[in-house]
Amino acid sequence: MDIDQQGDVIAPEGGGQILLPSEAHPGIIHVLPYERPFFPGQAIPLVVDAETWMPTLKAVQKRDQDVIGLVALREGVDDDTPVGPESLYEMGTLCRVHRVHREDEQLQILLEGLQRFRVRRWVTETPPLSVAAQYFPERAQADDEAQKAYAVAIINIIKELIPLNPLYGEELKIFLARSNPNRPSVLADFAASLTSASRPELQEVLETVNLQRRLEKVVELLHKELEIARAQREIREHVESEIQSHQRETILRQQLKYIQKELGIAKDDRTAEIEEFQGRLESLDVPEQAMKRIEEELKKLSTLEPGSPEFGVTRNYLDWLTSVPWGRHSEDAGDLVEAGRVLDSHHEGLADVKERILEFLALGIMKGDVAGSIICLVGPPGVGKTSLGRSIADALGRTFYRFSVGGMRDEAEIKGHRRTYIGAMPGKLIQALKDTGVSNPVIMLDEVDKIGASYQGDPASALLEVLDPEQNGSFHDHYLDVDVDLSKVLFICTANQLDTIPGPLLDRMEVIHLSGYLDSEKKAIARKHLLPRQLKRAGLKRSDLKLTAKALGAIIEGFSREAGVRRLEKSLAAIVRKAVVRILKGEATPVTIDAEDVPAYLGRPLYEKEALQHGVGIVTGLAWTALGGATLPVEATRVHGRQAGLKLTGQLGDVMKESANIAYSYLVAHADELGVEAGWFEKANIHMHVPAGATPKDGPSAGITMATALLSLARGRAPKRRFAMTGELTLTGQVYPIGGVREKLLAAKRQKIREVILPAANQREYEEVPEYIRKGITVHFVSRFEEVEALVF
């Protein structure tokens, strides 16, 4: 329909219909925005901001109208967007204003939906908004069977929704009782407003003027709503059944507990706990002092309520007290031959170490008690210290327990926390007794040379009581607060070096050195232990991989020159992994690996084959490192003859620089006696270098090596044979003893050096070196540098 200039209603478009009095509405109306589409035939209490929309309602009143348009905001429009033509849909619902009530800053407006309208044009685009409207009145039509069928379908779907969704209340049931399939338009609009459909979907229904198509869309929306309601009901029923099941189980448990208590066949938690603790004590031989404390705590527990905090503290304390294996011991194996067989089966080589361990075990077997001393296994990483401790436990038939003290900074780790603290617990030693279940396990304290200290205490000092056979018979743990006998425990410590172990602690230990392995021993270890272990981890059989002797030699030479076998095991693991990949890609077994195949599996060797240098000013020294022994070449050359001087390179430490200066001063002072041309040192500018330049070096043991290199340069003569030497030199020419004799000889043997010069004061250490290391090496003992000069030149 159109409107004239004054806004009065004129005939509908087409002129084919008569305009009924109830359908006569103003041509220009004011509009309000709403969050979602609103349908005709319904009422709504609308709440809007008074300051913004009061002018609109006053404008409606001024035009002497009681109707207003309600139009939905478009999707994505937020509160900050100004309301106007761009933010509102073009189709809305004409509503009658029944009541307006202002409360504070809000307006409450009661609206009744009358009929659809479309915005033909915007009269005012800022509040108060007004539009020229085109109306779409709903007319009663002749009976349409299809529309009636859709109406019945809508009623049936809504009836299905009522029991599924509790949000549909009595009002809906009343509406359905009064609904009539002969008024499908009202029914469709009402059903659409019930759904939780999106704003665009509801707007699409509002804009569908054709009743048949509108009914189809509403049925589709109701079916979606029905599926959602069914899914929600399933979830709700599942949750309710779970809750009911738990409630039923709880009630039944309470009833069962009450019945058992009435019949005398069950006890409360407190009585059950007390009887459990008393039952543990029956198989233990508890000392009188500890038993008295346990009885006091049991009596205390019997008076406490299970819900009180003190009950939990006392219960945990009794749990620990009764878990300590008081008086329970395991029987030691008394067969020394079998002990030797166990050590041989677990470790290759280390004959001197095994012999020393067997001596220790033999003494214990003879007196019937293997305890009373503490073993400390010292050696480079990867030589088998930890596994050797496990082998000792196996040889004795004892339970083995290991914990690392490396980096430990709190003495409570050893002696426990006092019970006054929350979360207090005993120290590691009491935990070890509980876990092993016996009073005489083998306890290994790993990395004892890396133990720390802090404001929380000094764990090394706490270990003094533990590792002293005279004191550990009455070890006092702070948590238990009773004495525990640790004298039956065999303690084994491991360390990489002795320098960082406190003197009083080291004094309590019996030190056994593990120097490292020769190449032949590494080959045997790889064949018997390392390679089978890696094959088992990869799920391969021995027949799936064939590693030749040359390949194994190439791996040891190029990738595992350290004293231990840890890097060798990593190299074998890498080879096994790559072999598994080849097998899974279809390569036939066995996969054979020869020496020339090793680079394809492991890449370039970490160590190039060292050709020992020999010439004027070049002498081979011997050094000790944390990884074992190593050869240390020293090079000296004359730069020019204009000015005397000595330049040192090779990242040398202060002590090593002092050694070089002492060697230089000694040679300058005794040049004539040593056969050096007169005045040679007065003009020679000498440069001394110790490869490799990136590796820090320090210590006094290269003194005679540096002096010999300088003497060789000054005399212009190379050493007559391939010597390796080590010793500290003094300004008077005396040769002082050094450390690490075993490791240095092992390094010389690996490099196939046949003659070694050692200080005479180190002869005792040399005699303690195992025969298999000394074999094939001629050792010259010297006490003065003149003896070194006579041997070398």
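A patch of positive charge on the surface is formed by Lys523, Arg722, Lys752 and Arg754. Patch members have over 30% relative accessible area and no salt bridge, like charges being joined within 9 Å; Lys and Arg count as positive, with the charge placed at NZ of Lys or CZ of Arg. Arg754 lies in the loop between α24 (741-750) and β23 (755-759), and Arg754 is exposed at a relative accessible area of 52%. Exposed means over 50%, buried under 20% and partly exposed in between (1.4 Å probe, protein chains only).

The model is predicted: local features need pLDDT of at least 70, side-chain atom pairs count only at pLDDT 80 or more, and totals for chains, interfaces and linings use all residues. Residues are numbered from 1 along each chain as its sequence is written, and side-chain values use heavy atoms, without hydrogens and water.

Over the whole structure, 26 salt bridges are found, each a side-chain nitrogen of Lys or Arg within 4 Å of a carboxyl oxygen of Asp or Glu. Among them are the following pairs.

| Salt bridge | Closest N and O atoms |
|---|---|
| Glu201 with Lys224 | 3.3 Å |
| Arg402 with Asp446 | 2.7 Å |
| Arg715 with Glu789 | 2.6 Å |

In the pair Arg402 and Asp446, strand β8 (residues 400-404) holds Arg402 and strand β9 (residues 442-446) holds Asp446, 44 residues apart. Arg402 is partly exposed at 39% relative accessibility, whereas Asp446 is buried at 4%.

Arg715 in helix α23 (residues 703-715) and Glu789 in helix α27 (residues 785-792) are 74 residues apart. Helices (H or I, at least four residues) and strands (E, at least two) are DSSP runs, numbered from the N terminus. Glu789 is buried, with a relative accessible area of 18%.

How values were computed
Patch = residues over 30% accessible without salt bridge, like charges linked within 9 Å, V, L, I, M, F, W, Y side chains within 5 Å. Areas by Shrake-Rupley, 256 points an atom, 1.4 Å probe, with all protein chains shown as cover.
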